[in-house]
Amino acid sequence: MQIDFGGGSEISFERKGKAGLVRLTRPSALNALTHDMILALHRALDTWEIDPAVACMILEGDGRAFCAGGDVVAAYRAGRDGAPAYDFFRDEYRLNARIGRFSKPYISLLNGIVMGGGAGISMHGSHRIVTENTLFAMPETGIGFFPDVGGSAFLPHLHDNFGYYLALTGNRIRWGDCLQSGIATHAVAADDFEDMRDDLIATANIDAIPARSQHPDFETPPETRQVIAECFSHATLEECFAALQRLADNGSKPAIDILTVLAARSPTSLAVTFRQIAEGRLLGLDDCMRMEYRIASRMIEGHDFYEGVRAVLIDKDGAPIWQPASLDEVKPQVINAYFANLGERELSF
């Protein structure tokens, strides 16, 4: 039975068997989340949590993406028109926290591209199933933003500082890295996906998922993982850079490659992100979302977000001019301001 929770043609809802099915239906935009999609999914959560006919929720995406993120181009245009997208981020973060409180199995079928906002609507649920087609990234530092949508809640807890690496570099990973680092709960071959989906719809028996599971190893080589574990273990971002530089000076290709990527990222975003991940380790999801809303509210009032989106997604010249241009120029008091309480505008649930 099709159900209209809003969202128009961008997202569909169906109650079938024992499941509530959600399908993101913007394949031409890689299922990037619009404000209407966010609000509609929130309504579905509220309704299906108390519906005894719905034993689980299943999320999937049309085309080659699960969800490639939030619609940051819309946020860019809103800010450029003098109306920063506070409401978009407020409602997106409320949705992320709501998913974390959902009491029934919440199963994300990550058979394709998963980035940014796509992580936000999957990582806080109970089951995250990847395939060999999965491509995961938190690429926000490359557009002058930060790994939001609850990144501060899950990234600090990935094994061997892998979360710091993903957050700061924005590098893409595949299904083995997702499973072994803790991003995914299960890995299932794409050929088995439809049968598994049909079984879940018919029975809501999540205990059957492991029977179909694969166990792919890390794609990231051991040498690179060792560099990540060692260099991102330090208390400050400056110490992490120094550790990477020492290894690079001794000829470590993984360290050289990581430094090359970091050099292209927004220095302000790197500083904010490092602190965000460090502080998130000690916070619950709701408090992480409050912290992230403070950061996002300041970032959409600043320079680097608009310059990054322009360079990567609008003009696509790949040459953002960051302000400030280097990590040495990023002042501690400026970073502190991103984390300051918003007063009456604090995020509430």
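**Sheet, helix and cavity**

Student: Two bridges join strand 10 to strand 11. Do these strands run parallel or antiparallel?
Tutor: This is a predicted model, in which local features need pLDDT of at least 70, side-chain atom pairs count only at pLDDT 80 or more, and totals for chains, interfaces and linings use all residues. Residues are numbered from 1 along each chain as its sequence is written, and side-chain values use heavy atoms, with hydrogens and water left out. Strands here are DSSP E runs of at least two residues, numbered from the N terminus, and two of them pair if DSSP finds at least two bridges between them. Strand 10 and strand 11 meet that with two bridges, and their sense is antiparallel.

Student: Which residue of strand 11 is the bridge partner of A187?
Tutor: A187 belongs to strand 10, where it stands opposite V130. Towards strand 11, the bridge partner of A187 is Q214.

Student: Over how many bridges do strand 6 and strand 8 pair?
Tutor: Strand 8 (residues 127-130) pairs in the parallel sense with strand 10 (residues 186-188) over two bridges. With strand 6 the sense is also parallel, and S108 stands opposite R128 there. The number of bridges between strand 6 and strand 8 is four.

Student: Which residues of strand 8 are buried on its two faces?
Tutor: Buried means under 20% relative accessible area, against over 50% for exposed and partly exposed in between, with a 1.4 Å probe and protein chains only. Both faces of strand 8 are covered. One side has H127 and I129, and the other has R128 and V130.

Student: What is the relative accessible area of L109?
Tutor: L109 lies in strand 6 (residues 106-110). Beyond its neighbours within four places in sequence, its contacts (heavy atoms within 4.5 Å) include I58, F66, I129 and M196. L109 is buried, and its relative accessible area is 4%.

Student: How many of the residues of helix 6 are buried?
Tutor: Helices are DSSP runs of H or I with at least four residues, and helix 6 covers residues 162-169. Its buried residues are covered by elements including helix 7 (175-181), helix 10 (222-231) and helix 13 (267-280). Helix 6 is largely enclosed by the rest of the structure because the buried count is eight of the eight.

Student: Which helix supplies the largest share of the lining of the largest cavity?
Tutor: A cavity is a set of points on a 1 Å grid over the protein atoms alone where a 1.4 Å probe fits but cannot get out, and lining residues have an atom within 4 Å of a point. The structure holds one cavity of 30 Å³ or more. M196, D199, L200, T203, N205, A208, I209 and R212 line the largest cavity, and helix 8 (193-203) and helix 9 (209-212) each supply at least two of its lining residues. The largest share, four residues, comes from helix 8.

Terms used:
On a 1 Å grid over the protein atoms alone, a cavity is a set of points where a 1.4 Å probe fits but cannot get out, and a pocket is an open set with protein on both sides within 12 Å along at least five of seven lines; lining residues have an atom within 4 Å of a point. Grid points are joined across faces, edges and corners, and a volume is the space filled by probe spheres set on the points.
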